[in-house]
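Please open the structure in a viewer and keep the selection panel at hand.

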Amino acid sequence: MPNTNKNIQQTLVLIKPDGLKKSLTGNILTKLAETRLCIMGAKVVQVSRELATCHYQHLKDKPFFGELIEYIQGKPYGPDYQRVMALVYQGNDAIQKVRQLAGATNPEEADATSIRGAFGRITTKGVFENVIHASANPEDAEREIKLWFQPEELVTDLYPTKTVTSSPKEVKVWAS
Ligand code: DAT
Ligand code: MG
């Protein structure tokens with residue numbers, strides 16, 4: 001009998017500003033499509049300092065933290081690239097499959113055929129421009145997906161939701 005045990009996971013992927021600037025979006029999505037994982041949500045985000053700081057909170061005491069926050073915000077790349085593409089993938093062993101494609105954190109140490117190995121670099125300031133973020137474990141994935149996406153931005157409720165009444169506030173709609 002074939003082993004049909006499934007380990008369905010979700011994972012957050014960010015195509016970082018250097019990936020957008022190097023026109024790697026299509027290339028990366030094609031590689032990710034080979035995993036046969038399912039896209040549950042996708043959007044382009046201009047990353048606030050607050051969002052960047054929350055995302056990388058585990059590194060806040062590192063000497064490279066300041067540069068890392070500027071990098072994920074796309075500050076070095078000019079206004080057209082101050083954004084990331086954020087995606088949520090779901091499927092069997094999603095976390096390990098995407099991490100494998102992404103490669104090691106340090107692009108110089110990453111497998112040459114991985115996304116980071118093929119397209120990443122270390123800047124003269126020591127920033128790891130490693131093109132892509134991928135959640136490292138299920139706990140990180142849940143925290144990161146909840147940080148980057150609201151429930152209505154995902155095609156299904158990946159985590160329990162609740163309905164709240166929000167106080168009236170102005171919202172922007174199309175003018176016509
Ligand atoms: P990963 O992105 O592989 O999960 P991480 O969570 O440890 O790795 O670090 C987040 C990012 O911080 C990483 O993608 C690049 C940067 N970074 C990590 N270690 C670094 C270092 N020693 N020097 C410069 N940047 C580093
Ligand atoms: Mg990480």
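Buried means under 20% relative accessible area, exposed over 50%, and partly exposed in between, computed with a 1.4 Å probe and the protein chains only. This is a predicted model, in which local features need pLDDT of at least 70, side-chain atom pairs count only at pLDDT 80 or more, and totals for chains, interfaces and linings use all residues. Residues are numbered from 1 along each chain as its sequence is written, and side-chain values use heavy atoms, with hydrogens and water left out.

Select Asp 93 to begin. Asp 93 counts as partly exposed, at 30% relative accessibility. Its phi is positive, about 50°, although Asp 93 is not a glycine.

Next, select Val 131. Val 131 also has a positive phi, about 70°, without being a glycine. With a relative accessible area of 0%, Val 131 is buried.

Now select ligand 1. Which residues surround ligand 1? Among them are Lys 16, Tyr 56, Phe 64, Arg 116 and Asn 130 (a residue is near a molecule if one of its heavy atoms lies within 4 Å of it).

Then display the side chains of His 58, Arg 99 and Thr 105 in turn. In His 58, a side-chain N or O atom is 3.0 Å from an oxygen atom of ligand 1. For Arg 99, a polar side-chain atom lies 2.8 Å from a ligand 1 oxygen atom. For Thr 105, the corresponding distance from a polar side-chain atom to an oxygen atom of ligand 1 is 2.5 Å. A polar contact is a pair of N or O atoms within 3.5 Å.

Note on methods: Chains lettered and ligands numbered in written order. Polar contact = N/O pair within 3.5 Å; in protein donor to acceptor, adjacent residues only side chain to side chain.
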